[in-house]
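Visitor: I would like a short tour of this model. Where should we begin?

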2 protein chains.
Amino acid sequence: MARPRKFDADAAVEAAMETFWTKGYTATSTDDLINGTGMLRGSLYNAFGSKRGLFELALRRYRDKGAAGQNAIQADRPPLERIRWLMLSGVDRTVADRRGCLAVNTVTELAGAEPELSALARQCFTQLEAALVEAVEDGRAQGEIRADRPARLLARQVMSAFHGLLVQAKAGYSPQSLHETVDAVVADLRV
Amino acid sequence: MARPRKFDADAAVEAAMETFWTKGYTATSTDDLINGTGMLRGSLYNAFGSKRGLFELALRRYRDKGAAGQNAIQADRPPLERIRWLMLSGVDRTVADRRGCLAVNTVTELAGAEPELSALARQCFTQLEAALVEAVEDGRAQGEIRADRPARLLARQVMSAFHGLLVQAKAGYSPQSLHETVDAVVADLRV
DNA sequence: CAAGTTTTTGACTGATCCATCAATAATGGA
DNA sequence: TCCATTATTGATGGATCAGTCAAAAACTTG
């Protein structure tokens, strides 16, 4: 039928996601994307149309991988431990690589100029919120988590604290300080 | 002695701060700064040296104004009310203008590429944290705020929740949802 | 008024930006 | 084998980027 692609489109989107995550949307040049994906200029544009289009694919991928990651949180450990682990792992990763959360980065960078991309990033929040609501309801059923507030409200409290902690981690706060705050947030969920 | 400046340097830095706050550092062009300040290209470079230099001044100004704003929080109302008001006003402003906090935006955009600017933004956090510690200690002295945790830890909890809420606000979460979360965070401070 | 100093002015630079394009190559089906 | 279709390749494009410069202007001091 036609000449087959030499590259793996999935791998290219993944590589682009990493590049955007590291440098941010505006600061990522098409050259950066070429280096990151290993593709040539023309191929990249033939396949993805534009820098914006590729970013959109990368952000969708981040969202979908996040869903997978949040499923892993549905392990068999106690719900409070799962919530604690989610925050600790995110914080520790950010201390290590200084990249934070791609969705948070996208909202803070682009909410003003690119409402559609911001809305896509928001879907990541909605997804995380849903996973947290589920964990809170589990913990409540097990008598581990307080029942005096809607689960969704507790989930939003956790999510806002988490995202704020990622910013602190990116800003260079010490792991010790961050871990203490995580534990305090978790403690406030207890019955 | 010499030809006097036609522009007000303070006002120019202020205008640049607004522009950077609205568009972000990378996405702000020198033309944007020229339009924002009303200065001509050469004058702007003669006065401030570079885009980066002007951003640094703008960020310092943001920090120093924040200090002033946080003093206003030291009003005569009850400490819990002051903390609540701080969060509500920040959240409402962000719902209205979609700009969030310049320090948070700077950290998420530039922590990887510009550690010095990120460190400057972190000073804004340190300052806010100090104001919160003071409010928490006040509230504790008045028997309003729990005493089972270090004031600094409670302050960091509030700050992380606050910054996370600013991200949610920028992402388009409803004022109602945001206000509920603010109230829950405040409630968790009570004895 | 003249000398000395700094600012203003806007044209100019080279680099980099995102994107396009024509030519070539590689495949499957007729 | 030849055609239709799609991908690769890398040169090229105009726009915009941050930053510079020389000339003219506006002030103070002597």
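What follows is a set of questions and answers on a predicted model.

Visitor: Which element gives the most to the surface near DNA strand C?
Guide: The surroundings of DNA strand C comprise 25 residues, A:Arg3 and B:Gly42 being among the closest. Chain A supplies at least two residues each from α2 (30-37), α3 (41-48) and α4 (51-72), and so does α3 (41-48) of chain B. With five residues, the top contributor is α3(B).

Visitor: How many charged residues does the surface near DNA strand C have?
Guide: By class, seven residues there are polar and nine are nonpolar. The count of charged residues is nine.

Visitor: How far apart are the end C-alpha atoms of helix α7 of chain B?
Guide: Helix α7 of chain B covers residues 115-141, 27 residues. At 1.5 Å a residue, it should span 39 Å. The model agrees with that: the end C-alpha atoms are apart by 38 Å.

Visitor: Which residue with positive phi follows α7(B)?
Guide: Within α7(B), buried residues include B:Phe125, B:Leu128 and B:Leu132. After the helix comes a residue with phi near 75°. That residue is B:Gly143.

Visitor: Which element gives the largest share of the side of chain B that touches chain A?
Guide: In chain B, 41 residues are in contact with 42 residues of chain A. Two or more residues of chain B's side come from each of α6 (102-110), α7, α8 (151-170) and α9 (175-187). The largest share is 13 residues, and its source is α8(B).

Visitor: How many residues on that side of chain B are charged?
Guide: The side of chain B that touches chain A has 16 nonpolar and 16 polar residues. Its charged residues number nine.

Terms used:
Residues numbered from 1 in each chain as written. Chains lettered and ligands numbered in written order. Predicted model: local features only at pLDDT ≥ 70, side-chain atom pairs only at ≥ 80, totals over all residues. Near = placed C-beta within 6 Å. Helix = DSSP H or I, 4+ residues; strand = E, 2+ residues; numbered from the N terminus. Nonpolar A, V, L, I, M, F, W, Y, C, P; charged D, E, K, R; others polar. Expected span 1.5 Å × (residues − 1). Buried ≥ 20, exposed ≤ 12 C-beta atoms within 10 Å, placed from the backbone. Contact = placed C-beta atoms within 7 Å.
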